[in-house]
Amino acid sequence: MATQHPRLVAFDLDDTLAPSKSPIDPRMAELLVRLLGVAEVCVISGGQFAQFTMQVIDNLVDVDAVTLTRLHLMPTCGTQYYRSEEGTWVQVYAENLTDDQKQRALAAVETTARELGYWETKTWGPILEDRGSQITFSALGQAAPVAAKTQWDADGVKKTALREAVQSLLPDLEVRSGGSTSVDITRRGIDKAYGMTRLAELTGIPLDDMLFVGDRLDENGNDYPVKALGVDCVAVEGWEDTAAFLETLIPVLQTVSR
Ligand SMILES: [Mg+2]
């Protein structure tokens with residue numbers, strides 16, 4: 001049963017609002033501003049706040065400070081939360097790993113990578129990164145070219161071996177395969193369902209009054225936990241689908257809000 005008149009519409013970012021790692025289209029920017037006129041809006045993604053800035057915020061035009069207060073940004077699956085206050089983006093909270101968790105994670109992944117022979121000397125930028133709520137290992141460095149990354153572990157065997165070995169050393173944390181050469185370490189149980197639950201607590205808007213739009217609502221997808229949580233979901237296959245959906249949703253919500 002689809003929520004006819006959601007009070008809040010939440011979106012995945014990559015391949016839902018924009019092509020992966022790319023800015024939103026001007027048409028999507030205009031639709032989001034129109035939607036903000038009639039509903040609360042959330043963007044939730046596994047990425048960092050800098051991605052939200054580059055892909056979404058910097059591309060919203062003709063939007064006033066009051067309208068922006070209805071936009072809720074949840075980087076790293078809601079372990080961070082940002083709101084706009086008088087036109088400035090403010091971090092409301094960040095649920096970072098503790099110093100002890102960070103140190104154990106950094107030590108476990110470095111030791112294991114060295115033991116397995118995956119600690120490379122020719123790299124592009126640092127191999128280890130402290131992202132606050134996440135420790136990231138990138139075998140060839142953060143800025144490695146795509147071709148080199150693709151070649152490093154074409155069959156995924158290295159990443160799987162590293163992930164499993166590190167996970168066994170860190171039973172209280174979650175170790176996941178990230179991009180083509182990367183392994184991410186976070187607290188356990190952090191996914192988009194976690195973020196949506198936090199959002200409901202923070203806004204006071206029940207999950208029943210929310211709608212979620214995502215491109216990976218299939219069982220293996222990173223949007224699936226939101227569906228499993230029982231939130232009404234709309235599946236899309238790219239930002240053009242999302243735009244078409246908003247073209248029909250916005251007029252309906254405008255009628256209700258009058
Ligand atoms: Mg996506």
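1. Basis. The model is predicted, and local features are reported at pLDDT of at least 70, side-chain atom pairs at pLDDT 80 or more, while totals for chains, interfaces and linings use all residues. Residue numbers start from 1 along each chain as its sequence is written.

2. Domains. The domain assignment gives domain 1 (8-79 + 190-257) and domain 2 (99-187); such bounds come from an automatic or database domain assignment. Taken over C-alpha atoms, the two centres are 29 Å apart. Four residues of domain 1 and six residues of domain 2 make the contact, where contact means C-beta atoms, placed from the backbone, within 7 Å. On the domain 1 side, one residue is nonpolar, three are polar and none is charged. In this grouping, Ala, Val, Leu, Ile, Met, Phe, Trp, Tyr, Cys and Pro are nonpolar, Asp, Glu, Lys and Arg are charged, and the others, Gly among them, are polar.

3. Sheet. An open, antiparallel sheet holds four strands in the order β6-β7-β9-β8. From one strand to the next, the twist averages 20°. Strands (E, at least two residues) and helices (H or I, at least four) are DSSP runs numbered from the N terminus, and strands pair if DSSP finds at least two bridges between them. Between β7 (residues 135-138) and β9 (residues 182-187) there are four bridges; I135 has I185 as its bridge partner in β9.

4. Helices on the sheet. Helix α4 (residues 99-116) lies across β6, β7, β8 and β9, at about 15° to β7. Helix α6 (residues 157-169) touches β8 and β9, and its direction makes about 180° with that of β8. Axes are lines fitted to C-alpha atoms, for helices over the stretch in contact, with angles from 0 to 180 degrees between N-to-C directions.

5. D153. This residue is in the loop between α5 (146-152) and α6. Leaving aside residues up to four places away in sequence, D153 touches K158, K159, S180 and T181. S180 is 27 residues from D153 in sequence, with 7.4 Å between their C-alpha atoms. D153 is partly exposed because 19 other C-beta atoms lie within 10 Å; 20 or more would count as buried and 12 or fewer as exposed, with C-beta atoms placed from the backbone.

6. Positive phi. K21, in the loop between β1 (8-11) and α1 (26-36), is a residue other than glycine with phi near 60°. D62, in the loop between α2 (49-55) and α3 (65-68), has phi near 55°. K21 counts as exposed because it has 12 C-beta neighbours inside 10 Å, and D62 counts as exposed with 8.

Conventions. Contact = placed C-beta atoms within 7 Å.
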